[in-house]
Amino acid sequence: MSSPYQGLAPSQYWKTGVAEKTLQTISGLYKKKFPLTENIATAGSCFAQHIARNLRINGFSVLDVEPAPTGLKNDRAQKYGFNMYSARYGNIYVPRQLLQLFREANSEFKPANIVWEKNGRYFDAMRPQVEPEGHSTAEAVLRHRQDHLRHVKSLFEKVETLVFTFGLTEGWVHEASGTVYPTAPGTVAGSIEGSGISFKNFTFNEIKADFLALRERLKTIRPQIRFLLTVSPVPLTATMSSEHVMAATVYSKSVLRAVAGELYHSYDDIDYFPSYEIITGALSKGVFFEDNLRSVTEAGVGTAMRIFFEEHPPVAVSPVLKKVRKEDVQCEDALLEVFA
Amino acid sequence: MKRICVIGNSHIAAIKQAWDELAPDHPGLKMSFFASGGMRLKDLKADDGKLAPSTQYLTERFYSDTGEKAIDPSQYDVFILVALGYGLTHIIFTALDYRADSMNTGLSPYKHLVSDACFKEAATDKLDGMAVTSVLRELRSLTDKPVILLAQPLPSARKLYRCKTGQFKDIVNYGDKLMDIWLEYGRKLSKDYRIKIVYQHPVTVKERFFTRGKFSGGVHLSEKLDDYSRPAPPADMHHMNTNFGKLMIKSAMRHMGY
């Protein structure tokens, strides 16, 4: 009598696939569905910044429609939202935010309550950290946003592969308009009182539907576009759900991982890279987190990217191999820690 | 005999050719010239009491009229640095693509709108990355002797007429903002490295931010000075001519007490 589990590949058994392996010897964890093309765009939560930077360092053609001014030092460039993704949109934690950005750039949607104030300075609620000192007037915020959207529109018209990292399920939504924000008002600027903005924990079905809506819209202008999804391994800094933050994190990541898995299994043009598993899985034994048990170590990023590049060999190594430092990663989410 | 060491990039050519003509009238001065194009002199490092090329690339492209391979500060009384990236031109080039709020007149195209704070940091960082800061740092590690920096010439006013997009003409409207950043950086250099900065003579300036056409047109650059295969004179609108160089030398000499 035979079992269907007999004769599987070693990677399909926990003992031979994980327990007897190290992250240096593990194999078959990621098999690409398709090679990366030219004109890669990156977006997502803060962990996606590592992917974007490593793709660039390894010679991949990552679009940057809002490059930093020549000479601006990298730490300052990042302070202004340059060199993080393919445009200065900052962190995008949920697919609905990216869908909304697409629609806004194509004049299909006008977000509400977009200018947030703090101490007489004005901030773009959709990317509150790209101007750390804010603007002097609300009108300036709108002018800068229009300029940004012009570039974002051009990005969507060029992209061939979209690398998107799912970050959170928890978000902030303007009830009347449905506008989604990357942070709660009052975190960087603005105020929650009277804003009409409230907490929302996006469900599996909502996240999946939002991503598929984005995919459909993108395919109308880029029919050959492909998607590479990842799930950020970075835990929540704080949760607005009533659960313990650890339980809320596992719930949030599980939903995102399930959506990514569903999309991966359902569509030939959607690939999934298991950076989440590499950083958080049993094999890593937690060593890829800093002492705060939240930030991912350089070794963790390095290991994830090494496994990624085994499937996507570097095109040409940049002559200036920039060392990726954890402080190079900008995370609005981390700002919540000041309230802890 | 006062011994002057002149260190610069491609802009040194106008100074050198001017000095070749002026030298007979100044028997009490001896100038020695050391140069390499663009920002290559960032690789000039203090080594065993001298400033010497630290890379093979610079060694092969290091010009000196004396044939020396390194600069020995003990052999000179005064140092004149020429341009080495300390130029409004570099900020102008940032402004052509990146327009800060206060510079946005709506009269000329740009690629990116940025905040004034971002623009200022970008311009300052850009100047900070030029050869002038590294040469000063290395030089000051070896000597406390007087240093005069001759600012890079403003771009030729011919740009005003040749640029079809109107971007250069528009600089007249917001150039004060760029000038403020440039001069503020210069004051910092002066303070940090105890140097005098000599800006170009007012008679050479047109529309505040440009060099009169008759002073531009450039000089022929030797291979070691030409980092960018620039257009030959007179189409070169960034390098100035011998008459310009003479005025700069005379200004520098006044600072030296001549």
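**Close-up views of a predicted two-chain model**

**Figure 1. Chain B as a whole.** With 258 residues, chain B would have a radius of gyration near 18 Å if it were a compact globule; its value is 18 Å, which agrees. The model is predicted. Along its principal axes, the C-alpha trace of chain B spans about 55 × 35 × 35 Å. Chain B holds 8 helices and 12 strands. Buried residues make up 57% of its 258 residues. Take the contacts in chain B between residues at least 6 apart in sequence: 77% of them join residues at least 24 apart. The accessible surface of chain B is about 10,700 Å². Carbon and sulfur atoms account for 50% of that surface. Chain B carries 37 positive and 29 negative charges, and their mean positions are 5 Å apart.

**Figure 2. The largest nonpolar core.** In soluble globular proteins, nonpolar side chains tend to be buried together. Here the largest nonpolar core has 62 residues. Which of its residues touch the most other members? They are B:Ile7 and B:Phe119. Several elements of chain B each supply at least two residues of this core, among them β1 (2-8), β6 (78-82), α4 (116-128) and β9 (147-150). The largest share, 10 residues, comes from α7(B).

**Figure 3. The surroundings of B:Ile7.** Residues up to four places away in sequence are not counted here. Among the residues that B:Ile7 touches are B:Ile12, B:Phe34, B:Leu41, B:Leu44 and B:Leu51. B:Ile7 also touches B:Ile71, B:Phe79, B:Ile80, B:Leu81 and B:Val82. B:Leu84 and B:Val135 are touched by B:Ile7 as well.

**Figure 4. Helix α1 of chain B.** Is this helix largely enclosed or largely open? Helix α1 (residues 12-22) of chain B has 11 residues, and 8 of them are buried, so the helix is largely enclosed by the rest of the structure. The buried residues of α1(B) are B:Ile12, B:Ala13, B:Ala14, B:Ile15, B:Lys16, B:Ala18, B:Trp19 and B:Leu22. They pack against strands β1, β2 (29-35), β5 (63-64), β6 and β9 of chain B. They also pack against helix α8 (242-255) of chain B.

**Figure 5. Chain A as a whole.** A compact globule of 340 residues would have a radius of gyration near 20 Å; chain A has 20 Å, which agrees. The C-alpha trace of chain A spans about 75 × 45 × 40 Å along its principal axes. Its secondary structure comes to 9 helices and 9 strands. Of the 340 residues in chain A, 52% are buried. Among contacts in chain A with a separation of 6 or more, 73% involve residues 24 or more positions apart. Chain A exposes about 15,000 Å², and carbon and sulfur atoms supply 54% of it. There are 38 positive and 37 negative side chains in chain A. The centres of the two sets lie 4 Å apart.

**Figure 6. Two loop residues with positive phi.** A:Ser107 is not a glycine, yet its phi is positive, near 60°. A:Ser107 sits in the loop between α4 (95-105) and β2 (115-118) of chain A. Its relative accessible area is 70%, so A:Ser107 is exposed. B:Arg208, also not a glycine, has a positive phi of about 65°. B:Arg208 lies in the loop between β11 (205-206) and β12 (210-211) of chain B. At 42% relative accessibility, B:Arg208 counts as partly exposed.

Technical notes. Residues are numbered from 1 along each chain as its sequence is written. Chains are lettered from A and ligands numbered from 1 in the order in which they are written. This is a predicted model: local features need pLDDT of at least 70, side-chain atom pairs count only at pLDDT 80 or more; totals for chains, interfaces and linings use all residues. Side-chain values use heavy atoms; hydrogens and water are left out. A nonpolar core is a set of buried Ala, Val, Leu, Ile, Met, Phe, Trp, Tyr and Cys residues joined through side-chain atoms within 4.5 Å. Buried means under 20% relative accessible area, exposed over 50%, partly exposed in between (1.4 Å probe, protein chains only). Helices (H or I, at least four residues) and strands (E, at least two) are DSSP runs, numbered from the N terminus. Contact means heavy atoms within 4.5 Å. The radius of gyration is taken over C-alpha atoms; the globule rule is 2.2 Å times the number of residues to the power 0.38. Accessible areas come from the Shrake-Rupley method with a 1.4 Å probe; for residues, only the protein chains shown count as cover. Lys and Arg count as positive and Asp and Glu as negative; His and the chain ends are not counted. The place of a charge is taken as NZ of Lys, CZ of Arg, CG of Asp or CD of Glu.
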